[in-house]
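Dear colleague,

I am passing on the structure below, together with some notes on what turned up in it. Please read the notes with the coordinates open beside you.

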Amino acid sequence: MIKTAFAVTAFFLAAMAAAPMAEAAPCLIVTLTGTQGGPPAFNGLAGAGTLVRYGDDSNNCGAVKLQFDAGRGTNMRLSQVGVTPVQLNAIFFTHMHSDHTEGFADIMQLRWHRKGPKVDVVCSSDAVSPLGFTISCKKFVLHIGDPFIQSGEIAQRHSEDKGRLPGGPAELANVITFEPKDEPQVVWSSGDVKVSAIRSYHIAGHASYRVDTPAGGVVIGGDASNDVLAPPRATSTSDQFEKLAKGADIIVHSATHPVLGPESGLPQDNFNRQSSALDLGAMAKRVGAKYLMLTHLSPPIGDDLAGDRRVPGGPLTEAAYRKAVEMSGFTGIIVVGTDLASVRLPAK
Ligand SMILES: [Zn+2]
């Protein structure tokens, strides 16, 4: 009898120990919050950005919410997946181009309006160009509320609710800058989540990021290209980014299509400063990634123009981008980015 009671008790203890573990399986969701390639507006696409959510089954992978870049319309896309600006734990920037940053004012103004807590904003330290200008994420962040201060709105809303900080949206930003290096460095962490950065080229101060969690790892390239800016070169992708991406499950990267990219033989303008879908496929294969998510597509799907240039052969399709990656021999899962495309680890 005693023996049986002990066995039953042991059984229930084991079951109790097992149940929470099964419920609390760690998970990661990567969502493209905007896939427009470059500054133009086309067909309602939001500007570049990626939301990374991590947690477990009990919180729908949402304990930690990290936003990488915040192009036009980021807030709109976040609202479609139920994420408010107040809920973001940190915002990271790959570089200071408006197609990656102009949604930030919207996020910060609303966060301030709602009296949200401070938020970490992580980016490169000031980069001085030999051409005489300085790229400064820090100044961008610290002046993000200036138009709303100048218009009088900050003072007016503060007078209505003294819980709002008198200095406006910038007062909510905890700016964390780092010097991008050719080796990965940890730039932010919280609990099980670690974010590393590496230097990559597009403009001065460009950085790419990697998020590691117990559910898997994702690398976010931004607009990275090879340091060698024009052919002949082995690849249009970044050697440093490839180092950062080794062993990651998911690659998120801006992509050009070979019809206009460095393989086309056409004058390249901005395309040499991006990575082509073909070369990204080859890199994803080399580093053993399971997923390749193309974003910031140049040219956008369905657009007959790339900047001021007509796309040879007419507008591209999703299949055209997929085919370009497949030509590389990459056999993992290809996601040709549309706004709100998501990958979950582990897959459901
Ligand atoms: Zn861009």
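A nonpolar core, as the term is used here, is a set of buried Ala, Val, Leu, Ile, Met, Phe, Trp, Tyr and Cys residues joined through C-beta atoms within 7 Å, and a residue is called buried if 20 or more other C-beta atoms lie within 10 Å of its own. Please bear in mind that this is a predicted model.

The largest nonpolar core has 80 residues, and those that touch the most other members are Phe92, Val218, Ile250, Ile251, Leu292, Met293 and Leu294. For Ile251, once its neighbours within four places in sequence are left aside, the contacts are Val219, Ala245, Ala284, Ala289, Tyr291, Leu292 and Met293.

Turning to helix 10, which spans residues 318–326, we find Tyr321, Ala324 and Val325 buried. Seen down the helix axis, the buried residues of helix 10 fall within an arc of 100°, and they therefore line one face of the helix. These buried residues pack against helix 9 (277–287), strand 14 (291–298) and strand 17 (333–336).

There is also an open sheet of 7 strands, in the order 8-5-4-3-2-1-18 and with mixed pairing. Its edges are strand 8 (173–178) and strand 18 (342–345), each of which pairs on one side only, while neighbouring strands of the sheet are turned by 20° against each other on average, direction ignored. Within the sheet, strand 1 (residues 26–34) and strand 2 (residues 49–56) pair in the antiparallel sense over 8 bridges, and Val30 stands opposite Val52 in strand 2.

With best regards

Definitions and conventions
Residues numbered from 1 in each chain as written. Predicted model: local features only at pLDDT ≥ 70, side-chain atom pairs only at ≥ 80, totals over all residues. Buried ≥ 20, exposed ≤ 12 C-beta atoms within 10 Å, placed from the backbone. Helix = DSSP H or I, 4+ residues; strand = E, 2+ residues; numbered from the N terminus. Arc of directions from axis to C-beta. Contact = placed C-beta atoms within 7 Å. Pairing = 2+ DSSP bridges. Axes fitted to C-alpha atoms, helices over the stretch in contact; angles between N-to-C directions.
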